[in-house]
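Below is a colleague's note for someone meeting this structure for the first time. Please keep the model in view while working through the numbered points.

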Amino acid sequence: MGADQILQYLLSGITTGSVYAIVGIGFNIIYSSTGIINFAQGEFLMLGGMISVSLSHSMPLAAAIAAAVIMTGLIGVLLQRLFISWLKNPAVLRMIIITIGLSILVREASLHIWDEKVHALPFWTGSETSSLAVLGARISPQVLWVLGVSALMVGALTLFFRHTLTGKAMRACASNATAARLCGIRTSSLVTLSFFIAAAMGGLAGCVVSPLTQTQYDMGTSLAVKGFTCAVLGGLGNVTGAVAAGLLVGVLEAASISVLPLAYKDVVALAIMLCILFFRPEGLFGGRAAAPAGVR
Amino acid sequence: MTTKKSLASLALCAILAAPLSAADPGVVKIGAIFAVTGPNANLGTPEARTLQMRVDEANRSGGIAGKKVELILKDSQGSTEKAVSFAKQLIEEDDVLAIIGPSTSGESMKLKGLCNDAETILVSCAAAETIVNPVARWVFKVAPMDSFAAQMIFATMQGMGIRRIGVLCSNSGFGQGGKAQLLKLAPGAGITIAVAEDYDKDATDLTGVLTKIKGQNVQAVVNWSTEPAQSIVLKNIRQLGFDVPVFQSHGFGNLAYAAAAGKAAEGTIFPCGRILAAEVLPAGHPQKKLLVSYRNAYIAQFNEEPSTFGGHAWDAFGIIAEAVSKVGTDKNKVRDFIETLSGFVGTAGIFNFSPADHNGLTMDAFEMLTVKNGRFVPLR
């Protein structure tokens, strides 16, 4: 195998991994501020993609994406207000079942609002066939967009959780909701805000991956599984960790494809993940305490 | 003595009752199982729409031979478990004359034994050769065989001087069936398959495996699937700067896939039924009139191009309707009629069934098409 082919495997791993990473980020936002694992996160991606594809027929791409991000965020708020906000201290299992139920609801509603067909946003730069040459290997410019948007999200979230009063209050909520309330923090509106941010970021992720993965009403589940795995692997609550874990899984998968039949790809990735979780149950980049405490 | 008598009378009752319960004489009951939603919705939706359109049309004009058609349509979402439970329901509770579908090969293979044992006619709309080879008495299929598609692809490759190829298939029944045919037929066609790989049917990125195929110095790539991954393969291949002809299976026969791949779909070569080239067929072609009228009716009602898959539902219904209009609604008679039906002009081709051939089509059912400026046109 030549050096350029090894580099090509690496780049293809980054392509796959960038999608996993950006999905993984969304899980962390709600977890960081509420301790809830939102299994409807994949549906936010689908909504972002679907809405932007529909709007892109009647307005410029950038405007369609911005509108899709805001609308997806508002749908997140609506779901939280309708189905989650009235629960007092729900058990983790109950929350998981509720979010899975919501994901089915959103999926079926989308099937009726849109259709069963495959849609895709146009590539943000270039087209389906364009690619950048890197030392003899090639990568789609859209992958750079995905990585760029991921980096932007990580940066913004880190600043928000560490340096703003609202961000700090959200972390306080997650650590101990009662204590946070005693300190005068309005926990319920912060939970709503965290759903807005997670849904909006999920929507943005859905827009940026759409040219690569394509968008259809039932894409959410399979993307969410990979994204969730990366979020756990990186350490729940750690957005930088999710990105690193996503890229790592992508590259591991590409490496396995180079020597084994493609059919074994998931086995290899999952086996490595299991090993890591046996020896570091808090994830690769999670703190030892493994508690939801925002971005460390 | 008394027990014997009552047993005998019970048996008599059963014999007398069976045909009575089976057939409400005024109604033709047809079941259908399609993957209307889920990853194979591109097959099931046009099938369900076409079948409903045909049934409505028949009922508006007074039914088949004066009998109303009752259609019981089920959405399997492409899941074999659901297809099996719907089939049992259609056979045992609804007591249908025949089941049309399922859309996918995997589901059809599960129903093959089930319907044959229950002596219910199954007219599958899926491609795999194994559905009718070996022949099951009660199982027919209207989609052309995957072996014909593989032969057409290899014949085209020979004409282009291609001798070394890479193969990609999805892990669905259709993908695996196609892969088996490609591997079986390649040596006879003088073509070397350098690498053959399977991917998950939900795959969203295939650059890794395409890198592997690129490293094998192949002259062409064949992809065999029905899922959205068909468009992803095309995009990934061009993004890798991998400049070889790409062949797809007849699973590509829906313009939505070409549209999703945009520019990357240009030049893709695939075998397909003539419905996609209806307008450009010569005027004297025996299928021309039928294809044009189906296409126009479909576009008028659903405002989108029809696909070969919808055509399979058209053919399945047409064949059953033809049988019922000639021999009535007795299951055995309908089955016998279909088995000897010949010269039936359908959307997929001219059907000539026989006891040894429950598909009735030949390689001639396919035309090689290519994508040019976002449209399907015959390959020249």
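1. Two residues are taken to be in contact if their C-beta atoms, placed from the backbone, lie within 7 Å. With that rule, 18 residues of domain 1 of chain B are in contact with 18 residues of domain 2 of chain B. The elements that give two or more residues to the domain 1 side of this contact are helix H2 (41–60), helix H4 (105–118) and helix H11 (308–327) of chain B, where helices (H or I, at least four residues) and strands (E, at least two) are DSSP runs, numbered from the N terminus. The largest share of that side, three residues, comes from H4(B). By class, the residues on the domain 1 side divide into eight nonpolar, eight polar and two charged, with Ala, Val, Leu, Ile, Met, Phe, Trp, Tyr, Cys and Pro counted as nonpolar, Asp, Glu, Lys and Arg as charged, and the others, Gly among them, as polar.

2. On the basis of the model: this is a predicted model, in which local features need pLDDT of at least 70 and side-chain atom pairs count only at pLDDT 80 or more, while totals for chains, interfaces and linings use all residues. Residues are numbered from 1 along each chain as its sequence is written, and chains are lettered from A and ligands numbered from 1 in the order in which they are written.

3. The domain assignment of chain B gives domain 1 (6–144 + 291–362) and domain 2 (147–272); such bounds come from an automatic or database domain assignment. The C-alpha centres of domain 1 of chain B and domain 2 of chain B lie 31 Å apart.

4. The contact between the chains takes 32 residues from chain B and 33 residues from chain A. On the side of chain B that touches chain A, at least two residues each are supplied by H2, strand S7 (192–199), helix H7 (207–214), helix H8 (229–239) and helix H9 (255–261) of chain B. The residues of this side of chain B divide into 11 nonpolar, 13 polar and eight charged.

5. Turning to helix packing in chain A, helix H1 (residues 3–34) and helix H10 (residues 239–259) of chain A pack at an angle of about 145 degrees, with their axes 6 Å apart. Here axes are lines fitted to C-alpha atoms, for helices over the stretch in contact, and angles run from 0 to 180 degrees between N-to-C directions. The crossing of H1(A) and H10(A) is right-handed; a crossing is left-handed if the near helix is turned anticlockwise from the far one by less than a right angle, and right-handed if clockwise. The contact of H1(A) with H10(A) has 15 nonpolar, 10 polar and one charged residues.

6. How do the other two pairs, both involving helix H9 (residues 220–234) of chain A, pack? H1(A) and H9(A) pack at an angle of about 70 degrees, with their axes 7 Å apart, which makes H1(A) roughly perpendicular to H9(A). For helix H2 (residues 41–56) of chain A and H9(A) the angle is about 125 degrees, with the axes 7 Å apart, and that makes H2(A) oblique to H9(A). Angles under 35 degrees count as roughly parallel, over 145 as roughly antiparallel, 65 to 115 as roughly perpendicular and the rest as oblique. H2(A) passes H9(A) in a right-handed crossing. Among the residues of H2(A) that meet H9(A) are Gln41(A), Leu45(A) and Met46(A), and the residues of this contact divide into four nonpolar, five polar and one charged.

7. Some backbone details deserve a check. The peptide bond from Gly101(B) to Pro102(B) is cis, with omega near -5 degrees, and Pro102(B) is found in the loop between strand S3 (98–100) and H4 of chain B. The peptide bond from Asn133(B) to Pro134(B) is also cis, with omega near 5 degrees, and Pro134(B) lies in the loop between strand S4 (121–124) and strand S5 (139–141) of chain B.

8. Phi of Leu135(A) is near 50 degrees, a positive value in a residue other than glycine. Leu135(A) counts as exposed because it has 9 C-beta neighbours inside 10 Å; a residue is buried if 20 or more other C-beta atoms lie within 10 Å of its own, exposed if 12 or fewer, and partly exposed in between, with C-beta atoms placed from the backbone.
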